[in-house]
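The questions below ask what lies behind some of the terms used for this structure. Each answer sets a value against its definition.

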Amino acid sequence: MAGRMVVGSAALADLVRPASAPDPAGGHRVLPVRPELTGLLPNRGLRRGSTIAIGSGQPRRSGATSLILALLAEASRAGSWCAVVGVPTFGAGAAAEAGIVLDRLALVPNPGPEWPTVIAALIDGVDVVVTAVPTAVSASVANRLAARARQRGSVLVPYGRWDGADVTLQVVRGVWEGLGPGRGRLRRREVTVSARGRGAAARPKEIKVWLPGDALTRVIPRATGLGPPVAASSRRGALTLVGPA
């Protein structure tokens, strides 16, 4: 099953659970994320009611889609419902490879002029709502949706510019691995992800991770005086460090 395609606000009524229904994630206030991403988030996960924005950066080169996949994977595995709105190129195959459970993934490729209504309906019953931010969205609409997420305990993940987010994550640098002299295949990309926000997230942070991910990849925390963190990948007994020489 390649995720559920949802068209129109009427179809959402059959998808979302009432706000009073049992929480499929067991009522936990923080939904899990991959270990390498925990250091970017003030609660080391996706806190219910929060708004976690994904900066779009340079189109096609930003790595934002891979970051979204990585951000959703653990929550989805743990039983949470996720929805992706307004991203028609979002691939169910890539989502499955990232570990997202397609039976609990709703896709709304083109919400049209009903975008605020669609997002509000999904916030009422879906644990994590990812949405591309329309260029014409007003600050008042954005504030109402963020307030609704706080009230309903959903995690709102706007993709694009969103003022007032609790945390904004963005891929600021990336280098692909896998190509040799004249041959090879792109396998994964070493990226630097920045986090900035307000409150507990006011202090900017950066980490290096592999996107797409690797089950054997982890982030090595920076030791005092030893420079920025590096990512390590252990495969078949070999250890490769990625970072400054």
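**Terms and values**

Leaving out neighbours within four places in sequence, Leu-71 is in contact (heavy atoms within 4.5 Å) with Val-33, Leu-37, Leu-46, Ile-52, Ile-54, Val-157 and Leu-169. The model is predicted: local features need pLDDT of at least 70, side-chain atom pairs count only at pLDDT 80 or more, and totals for chains, interfaces and linings use all residues. Residues are numbered from 1 along each chain as its sequence is written, and side-chain values use heavy atoms, with hydrogens and water left out.

Q: Why is Thr-51 called buried?
A: Buried means under 20% relative accessible area, exposed over 50%, and partly exposed in between, with a 1.4 Å probe and protein chains only. Thr-51 has a relative accessible area of 3%, so it is buried. The residue lies in the loop between β3 (46-47) and β4 (52-54); helices (H or I, at least four residues) and strands (E, at least two) are DSSP runs, numbered from the N terminus. Among the residues that Thr-51 touches are Ala-146, Leu-156 and Trp-162.

Q: What makes Gln-151 count as exposed?
A: Its relative accessibility is 63%, and therefore Gln-151 counts as exposed. Gln-151 is in helix α5 (residues 139-152).

Q: How do you know that α2 is largely enclosed by the rest of the structure?
A: 10 of its 14 residues are buried, so α2 is largely enclosed. Ala-64, Leu-67 and Ser-76 are among the buried ones.

Q: Why are α4 and α5 called roughly parallel?
A: Helix α4 (residues 115-125) and α5 pack at an angle of about 10°, with axes 9 Å apart. Axes are lines fitted to C-alpha atoms, for helices over the stretch in contact, and angles run from 0 to 180 degrees between N-to-C directions. Angles under 35 degrees count as roughly parallel, over 145 as roughly antiparallel, 65 to 115 as roughly perpendicular and the rest as oblique. The two helices are therefore roughly parallel.

Q: Which residues of α4 and α5 make the contact?
A: They include Trp-115 and Ile-119 of α4, and Val-141 and Leu-145 of α5.
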